[in-house]
Amino acid sequence: DLSGLELLPDDLVHYYAQVRDNDQVSGPKTGRSRQFTFRYPSLYEMMAELSETRNDQIRTLEELATEEAEKTAEFVEQIRRELLKKEELTWQQRKELEATIEHQQDRAAAVSELAQQMEQTMQVMQENGLASEETLDKLEEIRELMQDITSPELQEALQTLQEAMGEQIEPRDLTDALANFAADHEAFQQRLDRTLALLRQVDLEQRLEAAVKQAEDLHSRQQRIDDALRGKPSPVESQKLQRQEALLSEDTQSLQEQLNKLADDARPHDGSTANELERHAQDMQANRLSGRMKELSDQLGTHRDQSQARQLGEQLEQELGSLTSGLEQVRQQFIAAQKQDMLRALKQLTESMVVLSINQEDLLDRSTDQAPSANALPQMADEQFALLNGTGLLIEQLADVGRRTVNLNLGLPATLGRVLQS
């Protein structure tokens, strides 16, 4: 337990293990291991490593989501149609279909492996306090979605298709297997796209949260340096404070750059949040936050009167406190705006669904209560067509909402889809 040492980033701890026996005859003997060194990592180093891991996971998911999914669907449908005409496959078609099945199995396995990697990343985040419980809960739900992407139905469709590809191919069995595979492949792609969209959104939320944590860390470190300066440190202690302030300057510059990048990435989702992040980054630059920390570090190295250094440190501490509270406010406003947009979208969907249901029921009553006249039939057909179009639009809107929240059950869009096909 190193908590009592009050370590700061870049501090080194040298340690070794020593054991002693209880030899009562010739006297106790002692054994000692070689010396080990532990370097205390900064929050920025842990965040940077986490960011790299998270970006790799998103890139992998993006590659899986864009791996010629449309061409695969077109190819399977083409093979199915040709089977209905010729009732047999050419050698080339057979090999291409086998390669398609193998490729789909590889994609499914890659998604499952990525879900396992996410679980390990989440464990690191939790152990090091790099994310809130709310963010971890969202990531866990996304991880579960990833595990569900490779559904039992898809595995069964792949197995059935492989069996139908045996030596004795029954055309009807193969066409049925191809139709089932095409449907499950489309569902696989939809789940993959939804998971990717959700992961991108939670990634943005987590980066906002990380920016707040990093600002808090900067404020805390500056506060500890200022406390040490008030105690009139010795030359040796001043040298250590100088090194800590220099690291603080580097990390502050890093946060400023991260805020600019985060503002660019947030702009497509929320322009107001992007503007606020950009403003904070510009304020950091205008106030020369990192540069003044470098000046403070230089002052600490002169070993002269520390009164100016204390005054500058206190100013920096106050500005870092304001930065922290400002970024926390941006984060809270972003989350509140996301929730408000989601509630508004769900309300509109609910109202649209109710209207469609009422109109469909009214049309059904009018068509069954009495035989419609010849003049009424075209109008009723137009009404039914409009209801079908409205249902299709509703499915698209539900899918869009589903890409923004894990709380929407995809069974509803699937049910509406079956309604359209009936």
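# Note on a predicted helical chain

1. **Asp-283.** Asp-283 has a relative accessible area of 33%, so it counts as partly exposed. Buried means under 20% relative accessible area, exposed means over 50%, and partly exposed lies in between (1.4 Å probe, protein chains only). Asp-283 sits in helix H8.

2. **Reading the model.** This is a predicted model, in which local features need pLDDT of at least 70 and side-chain atom pairs count only at pLDDT 80 or more, while totals for chains, interfaces and linings use all residues. Residues are numbered from 1 along each chain as its sequence is written, and side-chain values use heavy atoms, with hydrogens and water left out.

3. **The whole chain.** The chain has 12 helices and 4 strands. Both are DSSP runs numbered from the N terminus: helices are H or I with at least four residues, strands are E with at least two. Of the 422 residues, 37% count as buried.

4. **Two helices checked for length.** The expected span of a helix is 1.5 Å times one less than its number of residues. H3 has 37 residues and should span 54 Å; its end C-alpha atoms are 55 Å apart, so the two values agree. After H3 comes Gly-129, with a positive phi near 65 degrees. H4 (residues 133-149) has 17 residues and reaches 24 Å from first C-alpha to last, close to the 24 Å expected.

5. **The buried side of H4.** Which residues of H4 are buried? They are Thr-135, Leu-136, Leu-139, Ile-142, Arg-143, Leu-145, Met-146 and Ile-149. An α-helix has 3.6 residues a turn, so residues three or four places apart point the same way. The buried residues of H4 pack against helix H1 (43-65), helix H3 (91-127) and helix H6 (171-230).

6. **The cores.** A nonpolar core is a set of buried Ala, Val, Leu, Ile, Met, Phe, Trp, Tyr and Cys residues joined through side-chain atoms within 4.5 Å. The largest one has 43 residues, and Leu-178 and Leu-192 have the most contacts inside it. Two or more residues come from each of H1, helix H2 (69-86), H3, H4, helix H5 (152-164) and H6. H6 gives the most, with 11 residues. Apart from this core lies another, of 33 residues, including Leu-241, Leu-262, Leu-289 and Phe-334.

7. **Leu-192 up close.** Set aside the neighbours within four places in sequence. Leu-192 then touches Leu-61, Leu-64, Ala-65, Arg-107, Val-111 and Ile-149. Ile-149 is also one of the buried residues of H4.

8. Gln-214 belongs to H6. Its relative accessible area is 1%, so it is buried. Beyond neighbours within four places in sequence, Gln-214 contacts Leu-43, Tyr-44, Met-47, Leu-255 and Gln-258. Asp-251 belongs to H7 (residues 235-266). Asp-251 is buried because its relative accessibility is 12%. With neighbours within four places again left out, Asp-251 contacts Ser-42, Tyr-44, Leu-218 and Arg-221.

9. **H8 against H10.** How do the axes of H8 and H10 (residues 307-369) lie? They come within 10 Å and cross at roughly 170 degrees. Axes are lines fitted to C-alpha atoms, for helices over the stretch in contact, and angles run from 0 to 180 degrees between N-to-C directions. The two helices are therefore roughly antiparallel. That label needs over 145 degrees; under 35 is roughly parallel, 65 to 115 roughly perpendicular, and the rest oblique.

10. **Who makes that contact.** H8 brings Thr-273, Glu-276, Leu-277, His-280 and Met-284, while H10 brings Leu-323, Gly-326, Leu-327, Val-330 and Phe-334. By class, the contact has 6 nonpolar, 3 polar and 1 charged residues. Here Ala, Val, Leu, Ile, Met, Phe, Trp, Tyr, Cys and Pro count as nonpolar, Asp, Glu, Lys and Arg as charged, and the others, Gly among them, as polar.

11. **Two loop residues to look at.** Lys-232 is not a glycine, yet its phi is positive, about 55 degrees. Lys-232 lies in the loop between H6 and H7. Its relative accessibility is 68%, so Lys-232 counts as exposed. Arg-288 is not a glycine either, and its phi is positive, about 50 degrees. Arg-288 is in the loop between H8 (271-286) and H9 (289-300). At 41% relative accessible area, Arg-288 is partly exposed.

Key. Contact = heavy atoms within 4.5 Å.
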